Amino acid sequence: MEGEEGGGGVDWDSLAEAASGAVGALVSTTVLYPLDTCKTKFQADVQTDHGGHKYRNLSDVFWEAIKKKQFLSLYQGLKTKNIQSFISQFVYFYGYSYFKRVYLEKSGAKSIGTKANLLIAAAAGACTVVVTQPLDTASSRMQTSAFGKSKGLRATLAEGTWLEAFDGLGISLMLTCNPSIQYTVFDQLKHKLIQRQKSKAESAGDSTPVALSAFSAFLLGAISKSVATILTYPLIRCKVMIQAADPDDDDEDESERPGHSRPPKTMLGAMCAMWHNEGIPGFFKGIHAQILKTVLSSALLLMIKEKISKFTWISLLALRRYLFVSQKRIKSA
């Protein structure tokens with residue numbers, strides 16, 4: 001979609017990329033939301049001096065919902081999470097596409113290098129975090145509330161000050177390094193795999209250019225995402241603990257929540273709580289669920305994005321032509 005025809009200066013390429021990514025995020029979030037709720041409640045559960053964990057396994061969260069006949073409560077906060085996912089992916093893909101186009105125009109380069117790509121991804125991620133942090137905080141509070149007692153978005157945010165709506169912002173900004181780690185690991189693994197394939201092809205006398213298969217790309221993507229998640233997981237759990245709902249606000253029985261300790265509100269406080277109560281294993285509690293959810297979510301998002309990108313492109317092209325015709329009619333009137 002080159003040019004500004006009917007666009008009024010709108011970056012249609014970035015808009016198409018953003019819309020496709022946002023719709024993909026919407027579907028991915030909805031499909032995997034029960035797993036996300038179980039994961040978040042499990043991560044927020046911290047052992048206290050007054051007793052053990054409420055949840056010993058991830059499945060305990062699911063069976064609690066079934067036992068209390070609150071299966072639909074696994075979807076508590078879904079609306080807020082969908083709004084956050086849609087906006088965050090839209091802002092990220094639009095920002096990434098826009099920054100990339102500006103970089104290529106200013107530098108005069110035909111392609112973007114790895115370092116520049118990582119910096120652009122980090123910049124787009126930082127913009128996304130600042131815009132969507134209150135929604136992220138609200139959705140985490142809703143998910144970690146007692147089953148059946150989650151409040152709406154406005155009521156959840158009204159429980160504290162606007163500063164509290166940005167709980168975990170510093171950690172969220174630090175976590176923008178996650179894609180950088182992922183892409184670095186992916187490139188290293190890709191380089192080694194292609195070199196090995198080239199060696200085999202040369203020894204067999206085959207001069208056909210070597211390229212990654214779709215399965216190899218997916219596998220390397222899953223591995224690199226898992227490595228990035230493992231390296232940043234202590235920060236991920238800290239953020240969940242900081243944003244978690246106060247158990248005292250859920251009016252649960254004492255037997256259900258031993259200790260009634262308030263969730264820590266700083267990264268240092270969360271780190272100290274994990275170290276004091278759970279030791280080193282506490283820094284990685286729930287990591288298996290995080291990796292499963294993250295890998296499935298990324299794969300599903302990208303698959304849906306690729307499938308609907310053509311439809312999105314055609315729809316925006318039709319919109320651009322409609323705006324162009326409308327502008328011509330107004331000028332001729």
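The buried residues of helix α4 are Leu78, Thr80, Lys81, Asn82, Gln84, Ser85, Ser88, Tyr92, Phe93, Gly95, Tyr96 and Ser97. Here buried means under 20% relative accessible area, exposed over 50%, and partly exposed in between, with a 1.4 Å probe and protein chains only. Helices are DSSP runs of H or I with at least four residues, numbered from the N terminus. The structure is a predicted model, in which local features need pLDDT of at least 70 and side-chain atom pairs count only at pLDDT 80 or more, while totals for chains, interfaces and linings use all residues. Residues are numbered from 1 along each chain as its sequence is written, and side-chain values use heavy atoms, with hydrogens and water left out.

**Helix α4**
- Helix α4 covers residues 78–107, and its end C-alpha atoms are 42 Å apart, in agreement with the 44 Å that its 30 residues should span at 1.5 Å a residue; the expected span is 1.5 Å times one less than the number of residues.
- Just after α4, Gly108 adopts a positive phi of about 75°.

**Salt bridges**
- By the rule used here (a side-chain nitrogen of Lys or Arg within 4 Å of a carboxyl oxygen of Asp or Glu), there are eleven salt bridges.
- Asp45 pairs with Lys285, their closest N and O atoms being 3.5 Å apart. Because Asp45 lies in the loop between α2 and α3 and Lys285 in the loop between α10 and α11, this pair ties together parts that are 240 residues apart in sequence. Both Asp45 and Lys285 are buried.
- Within helix α4, Arg101 and Glu105 lie four residues apart, about one turn of the helix, and form a salt bridge with closest N and O atoms 2.8 Å apart. Arg101 is partly exposed, at 30% relative accessible area, whereas Glu105 is exposed, at 54%.
- Asp36, Lys39, Lys81 and Lys293 are linked in a network of salt bridges.

How values were computed
Helix = DSSP H or I, 4+ residues; strand = E, 2+ residues; numbered from the N terminus.
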